[in-house]
Each structure stands twice: as C-alpha cells, then as structure tokens.
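Here are a few notes for your read-through. Keep the picture open while you go down the points.

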Amino acid sequence: DDSGELLAEAPIWELAAVDDRAFVGASKGIYYSEDAARTWTRARTGLPAESPGMAFLLNRDLVLASTRIKD
C-alpha cells in the first residue's frame, strides 16, 4: 500500500510519543501522527524507501529515528 496511511494490520516494531505527536516504526516505514494518534502519515523526507523505524528518541524539539535499510 503506497497511500501513506498506517494500516491496522501493519506490524509495528517501535512506538514513541510526546505531547500530541506519536511516531511508529512499521514494516513499511516510519509513520507519524500530530493529533494524538487519530490519523497517521508516512514520513518520506530524508528516509530510505520503506525502511522501518527501529528506535526513536524524542523530546518537544527533536526527533531522532534509527532505521534499517532493507536489502
């Protein structure tokens, strides 16, 4: 699915949240929510295509994501 929406059946490997922002590392990439996880958008800028997020470090001013580059 290339719609950019987080599918309910997508395996999620990592979850992090601060305030109303949430980030997940799913099997098809990194997704973020800015409305307390009501809706999700696939992050595409500055990331390898379809690389899942494996770990996150967040605070109110910074988001760092560790990814796995698929073979």
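1. Some terms to begin with: helices (H or I, at least four residues) and strands (E, at least two) are DSSP runs, numbered from the N terminus. Two strands count as paired if DSSP finds at least two bridges between them.

2. A word on where this comes from: the model is predicted, so local features need pLDDT of at least 70 and side-chain atom pairs count only at pLDDT 80 or more, while totals for chains, interfaces and linings use all residues. Residues are numbered from 1 along each chain as its sequence is written, and side-chain values use heavy atoms, with hydrogens and water left out.

3. Now the sheet. Four strands form an open sheet in the order β1-β2-β3-β4, with antiparallel pairing. At the edges sit β1 (12–18) and β4 (41–42), and each pairs on one side only.

4. Look at β2 (residues 21–26) next: a hairpin of two residues links β2 to β3. These two strands run antiparallel and are joined by five bridges; in one of them, Gly-25 has Ile-30 of β3 as its partner.

5. On to β3 (residues 29–33), which is joined to the antiparallel β4 by two bridges. Tyr-32 has Thr-41 in β4 as its bridge partner.
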